[in-house]
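Please open the model in a viewer and follow the selections below in order.

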Amino acid sequence: MTRAYTAALVLVMMCTVLVVSDTVLSSHQAPAIQVEGGYPLEFPNPNTRDIPRGLSQGWIPLGRKQISVPILMYHYIRTVPRSAGQLAFNLSVTPADFNRQLNWLSEHGYHSVTFDDLRAYFSGSHELPSKPFVITLDDGYRDLFTTAYPLIKAHGFVAVAYIVTGFVGRLRYVTSDMILEMDRDGFEIASHTVDHADMARIPLGSIVYELVASKQWLEKLLGHAVADFAYPSGKFNALDVYELGATGYSTAVTEDGSTLRLWAARYTWTRTRVGGGEAFTDFVKNLGPVEPFIFAPANVV
Ligand SMILES: [Zn+2]
């Protein structure tokens, strides 16, 4: 009798866990309608919110060796016609699409984090918020400051800007003052080499120069350490990985790949490419699996 009671209790507990898991995973199934242009447009629906009534926010507990955190990769946030060429079109997400993506992330309980937050998590000093994701913008084009920055800020998000230090101040690129303003506003400023070199092909002396000179330039401008790097065009080799560690970097990102983060793989963390003209359903799908999280009662947070 006692055994049967225990079995029933275990079954009830398992069902409860499954219901909670289902609540978490159902976040990608919000109602959508087709609008002009073929993109599904999401509408916030209080009945499909991820956080149950009475609970304000979730967190990912410390101690997990591997977690799913999408690192989104953007270049230009601008409108260009297809006639500008396929490469330019693919690298350019329109401000309207970018805004729609940020809206969706916000409405579905995603929290933007930086590499400082991932460092804090993996070093055991701080939990991550539920549904963490990283916004990265490559190359430091002028629209990083004029378009992406205000939109990201309006959503209460932050981002990581990979700057090519030798291009700063040029006509189509951000200025030193723009970098300083974003840094003061919580954006993470990171290195993308001095001159967008191909890190898979240059000799050792050039690898060290690209890593050290760009880092020192940014650190002198900002007055604090810079520890994150993005390989231009995602190209890298084993020597780069070694030198990144030797020159004081703590992370580096490539292009394309999964959303899984393992600290041991931090010099080759993959990113999720967000392309110009990409279907909205692909954007949502490419966010990958939701890392399971714990709910926090409203009066605790
Ligand atoms: Zn680049």
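The model is a predicted one.

**First stop: helix 3 and helix 5**

Select residues 95–107, which form helix 3, together with residues 142–154, which form helix 5. The two axes lie 10 Å apart, and the helices pack at an angle of about 20°. Because angles under 35 degrees count as roughly parallel, helix 3 and helix 5 are described as roughly parallel to each other. Helix 3 passes helix 5 in a right-handed crossing.

Next, display the side chains at the contact. From helix 3, show Pro 95, Phe 98, Asn 99 and Leu 102; these meet Thr 147, Ala 148, Leu 151 and Ile 152 of helix 5. Colouring this contact by residue class gives six nonpolar residues, two polar residues and no charged residues.

**Second stop: helix 7 and helix 8**

Now select residues 204–222 for helix 7 and residues 238–246 for helix 8. How do the axes of helix 7 and helix 8 cross? They come within 10 Å and cross at roughly 45°; helix 7 and helix 8 are therefore oblique to each other. The handedness of this crossing is right-handed.

To inspect the contact, show Leu 204, Ile 207, Val 208 and Leu 211 on helix 7, then Leu 239, Asp 240, Glu 243 and Leu 244 on helix 8, which they meet. By class, the contact of helix 7 with helix 8 comprises six nonpolar residues and two charged residues, with no polar ones.

Methods. Residues are numbered from 1 along each chain as its sequence is written. This is a predicted model: local features need pLDDT of at least 70, side-chain atom pairs count only at pLDDT 80 or more; totals for chains, interfaces and linings use all residues. Axes are lines fitted to C-alpha atoms, for helices over the stretch in contact, and angles run from 0 to 180 degrees between N-to-C directions. Helices (H or I, at least four residues) and strands (E, at least two) are DSSP runs, numbered from the N terminus. Angles under 35 degrees count as roughly parallel, over 145 as roughly antiparallel, 65 to 115 as roughly perpendicular and the rest as oblique. A crossing is left-handed if the near helix is turned anticlockwise from the far one by less than a right angle, and right-handed if clockwise. Two residues are in contact if their C-beta atoms, placed from the backbone, lie within 7 Å. Ala, Val, Leu, Ile, Met, Phe, Trp, Tyr, Cys and Pro count as nonpolar, Asp, Glu, Lys and Arg as charged, and the others, Gly among them, as polar.
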